[in-house]
Amino acid sequence: MREIKELIWQEGEYSYPAAYGFVPSIRGYIHDEDNSDRDCMLVVPGGGYCMCTPHEGELVAEVFYKQGMNAFVLTYTTDITMSVPLMKQPLEDISRAVRFIRKRAEEFNINGKKLFISGFSAGAHVCGSLAVHYDDVADKDTEYAGISNKPDGVILAYPVITTGEYTHIYSVQTLLGKEPSDEDLTYFSLEKNVTKDTPPCFIWQTVTDDLVPVENSYLMAEALRIHGVPFAHYVFPSGFHGLSYPSEKFFSFNAGGEYVLEQLEKAVAAVKAGNGINVSEQRKKELEEQFPDILPEGQSQKNIEQPKGDAIQAGEDSKAEDGAGDVDQAVDMLPPLDMTWSEDIGLWPELARVWMNRI
């Protein structure tokens, strides 16, 4: 396997105010045993537009890689401070990522093959936004402007779809701010923007989703049906939000892919150092409590005086470097291990593969 990491924006192209030094990127996992061209999958993690969640990135990319695809993970723009509305920046990120991959199709061994995108929760909203608005996203770079950003197919896993009654309010608030215009709410309510030219979609969710109401997936499926867009829609009877791919690796809480936490870590470090942009004192306090292991900007574990005695052994590794402490904190809140979810939800990648073969 050949692994790559590439920034998708060149110097001077990316200007989101609350980036804190972050630039969106892709990680690639490419078959190189025979250099044959293969279909590819771009995986887009969720995280309520506040962060990119590790277990919805590399873990899923590995599944599709093992199916024989070349796989990529997009780390797009988010805002853990919830202070600077993202607006169209995540949409522009995924649009550029699709063009970026296609531009280098020969290098990435996908020449002449299909490109699919797969998003989870808010990441599914990013994917769905591209599916319905790909024509709206022009690329200012002439190297990319003539390359299609329309995916061949879209997988929407427990997706945020609507900005209406059944929305996930915190995702919408982070994306559009606390007082969005009616125009923006309509634009990002994806079921209202489906057309006959929307690419085929594969949708899955659980009835008992505890964060994003299952009505989101029904709204999208119905809009696709009305406009004659091919789709598959699976609703599993039980399972909590964020199940991703419910394998033993998922439930080991060691799914990997912590690299998608880069922007979160940079933002929290900046806020702790007093360099946050429009961050309220209340939000600063919340972030300090939620992410105690992330050090303020400009500090490192080396210049923090170690306590005397046995409290911390000299040379003990800090979890702040890779975000593992934050992940540990999050997974502690998950329900107990229940591998029965793998009996049906764990089949979704196989069902998706059958669907992709039909496109």
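## Overall composition

The chain contains 13 helices and 8 strands, where helices (H or I, at least four residues) and strands (E, at least two) are DSSP runs numbered from the N terminus. This is a predicted model, in which local features need pLDDT of at least 70 and side-chain atom pairs count only at pLDDT 80 or more, while totals for chains, interfaces and linings use all residues. Residues are numbered from 1 along each chain as its sequence is written, and side-chain values use heavy atoms, with hydrogens and water left out.

Of the 359 residues, 53% count as buried; buried means under 20% relative accessible area, exposed over 50%, and partly exposed in between (1.4 Å probe, protein chains only). The chain exposes about 16100 Å², of which carbon and sulfur atoms supply 48%; accessible areas come from the Shrake-Rupley method with a 1.4 Å probe, and for residues only the protein chains shown count as cover. Among contacts (heavy atoms within 4.5 Å) between residues at least 6 apart in sequence, 81% join residues at least 24 apart.

An open sheet of mixed pairing is formed by 8 strands in the order 1-2-4-3-5-6-7-8; two strands pair if DSSP finds at least two bridges between them. Strand 1 (2–7) and strand 8 (231–236) are the edge strands, and each has a single partner, so one side of each lacks a neighbour in the sheet. From one strand to the next, the twist averages 15°. Angles run from 0 to 180 degrees between N-to-C directions, and axes are lines fitted to C-alpha atoms, for helices over the stretch in contact.

Strand 3 (residues 40–44) and strand 5 (residues 115–120) run parallel and are joined by 5 bridges, with V44 having G119 in strand 5 as its bridge partner. Helix 7 (residues 215–226) packs on the sheet, where it touches strand 6 (153–157), strand 7 (201–206) and strand 8, and its direction makes about 155° with that of strand 8.

Strand 7 is mostly covered, with 6 of its 6 residues buried. In a regular strand the side chains alternate between the two faces of the sheet. In strand 7, C201, I203 and Q205 point one way, F202, W204 and T206 point the other way, and all are buried.

Strand 7 runs parallel to strand 6, to which 4 bridges join it; V154 has C201 as its bridge partner in strand 7. Strand 8 is likewise parallel to strand 7, through 6 bridges, and its residue H233 stands opposite I203.

Helix 2 (residues 89–103) has 15 residues and reaches 21 Å from its first C-alpha to its last, close to the expected 21 Å, a span defined as 1.5 Å times one less than the number of residues. Because 12 of these 15 residues are buried, helix 2 is largely enclosed by the rest of the structure. The buried residues include P90, L91, F100 and I101.

In helix 13 (residues 348–358), the buried residues are W348, P349, A352, R353, W355 and M356. They cover an arc of only 165° around the axis, which puts them on the same side of helix 13; the arc is that of the directions from the helix axis to the C-beta atoms. E350, N357 and R358 are exposed on the other side.

M69 lies in the loop between helix 1 (58–66) and strand 4 (70–75) and is buried, with a relative accessible area of 1%. Leaving aside neighbours within four places in sequence, M69 is in contact with H31, D39, C40, M41, F64, F116, R353 and M356. M41 is 28 residues from M69 in sequence and 6.8 Å from it in space, C-alpha to C-alpha.
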